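Have a look at the model first.

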Amino acid sequence: MQQVHERRTISTKPKSSQSKCGKKMGKRNKDDKQSPLIALLPGAKIDSEKGKITVNIGISKETVIFNIGGVKFETYRSTLYRQPDSPLANEEFLQKHFRSNKKEYFFDRDPAMFKAILNYLRTGELHMPPYMCGPAAKLELEFWGIPDSIIERCCYTHYNAYNSTLRALNRLEKDRHGSFDYPVDTHTTRKMSKWKRIRSKASIILNHPERSKSAKVYGMVSLLVVAISILSFLAETHPSIQVKRTVYDVSFVYNATTNLTTNSTTEKEVIMPHPVLDIIDHSCMAFFTIEYILRVVLSLRRLVYVRSLMGIIDLFALLPDYIQLIMFSISKHLAHSSFTRIITILKITRILRIFRLVRHVPGLWILVYTLKASLRELLLMVAFLFVGMLIFSSLIYYVDDREIFTSIPHSFWWALITMTTVGYGDMYPVTALGYMIGSLTAMCGLLMIGFSVPILVNNFITYYQYVEFAIQDEKLKREKSEILEDPVIGDQEMTKNNNSYR
């Protein structure tokens, strides 16, 4: 009776919190701290370094049997009371899962995690199975009322890696449908009005080339126009496609003596692109204008497209062409002014249309997203590169030829090119100490690349594999929904399923 009395004394403290074990065990360990009164119990051991209190009481050899998912575990009852805050130390909680016919406690949980938790009660150290997925382990720890903050450092790295990967993939899925993807109405076409059906089909054709043959054909035509537009922009700069034209520059001169304004016309030759390229540019501009208007008008959520990255790129790629066209319509003389030349330079935004490939090549979008998601690692690499540039450019300036390295800021270029292992050869050391500094610079650059690039590669592989899986999963779901929407095929599938159940 004395042993029973000791057990009740220990288990009365967490009784109020243990009644909530059926909901979520992690909530009662909100502060992840044990009560300091536990240290007053007989057999209590205090680990000041880890901040743990273990209690080893009970002198009997009584054992209990746990059946965890079909795997049986047997341990001393006194082992369960070494962590009084654990649900296993609560008799009321255990009695709910007791099977009197087999004299065992049955829990339909993961036996691998229970083995780790049982070892934690025995030793006071929580070690995780290396093959256990982090989110699944977290659910088990919450059920058994064990905070994940007490996981040992040797195992916490793997546990945190799983959870970090899950959070990263959740952000990836959200951004995948928000940056370059556009919503499609998931309701069946039978329940939509005629206008909504038109908008839904148009949205699929314009934004989802993988969903139908017509959308795939339009996607290929759109990519062809993008390629022509970019090639036209590149061809404008080639001398063989440029022609000389004679233009007349009219200037107005005011004579203060006679109070008259006279105009003078000067003739000059300018090099301009071939007229055929202007026709191509205007045709492409008309195509992209109509496409942009259709995307805005027929989109199921207009603001989603307008504020998306592709919507911004489409708009900014059109603005320089229209500004130049308006200025040329106002006056032909403005077509060769300095302001128009600036507008011509802004036509470089056409190159950004190449990102339309992300709808056809998922790897390109993953590459862009990897750089965005790995911004912290990139900033770390830039910081390391900046520190190396500052140190090695200062050293090479003081130990090498001043005619080659004229100043420390001028030496930044040499340090940058050497650390990135490019080595143009326009600046190089010529003294013995300069050779040593150059060698150290190159070695530090290799270490910088070796430390940072594998992180980017691992992120790219993880994201790419997930997107490939997500695309295949969406394709299967889409095919299944199309089968169910077909009244003939849907009835056949329902009959087949009913017969299979029989």
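Q: Why does Glu 104 count as buried?
A: This is a predicted model, where local features need pLDDT of at least 70, side-chain atom pairs count only at pLDDT 80 or more, and totals for chains, interfaces and linings use all residues. Residues are numbered from 1 along each chain as its sequence is written, and side-chain values use heavy atoms, with hydrogens and water left out. Buried means under 20% relative accessible area, exposed over 50%, and partly exposed in between (1.4 Å probe, protein chains only). Glu 104 has 1% relative accessibility, so buried it is.

Q: What makes Lys 72 and Glu 104 a salt bridge?
A: The term asks for a side-chain nitrogen of Lys or Arg within 4 Å of a carboxyl oxygen of Asp or Glu. Here N to O is 3.5 Å, so the pair qualifies.

Q: What do Lys 72 and Glu 104 tie together?
A: Lys 72 sits in strand β4 (residues 71-76) and Glu 104 in strand β6, so their pairing joins parts 32 residues apart in sequence.

Q: Which residues are linked with Arg 77 in a network of salt bridges?
A: Glu 62 and Glu 91. The closest N and O atoms of Glu 62 and Arg 77 are 3.1 Å apart, and Glu 91 meets Arg 77 at 3.2 Å.

Q: Is Arg 77 buried or exposed?
A: Buried, because its relative accessible area is 10%. Glu 62, at 32%, counts as partly exposed.

Note on methods:
Helix = DSSP H or I, 4+ residues; strand = E, 2+ residues; numbered from the N terminus.
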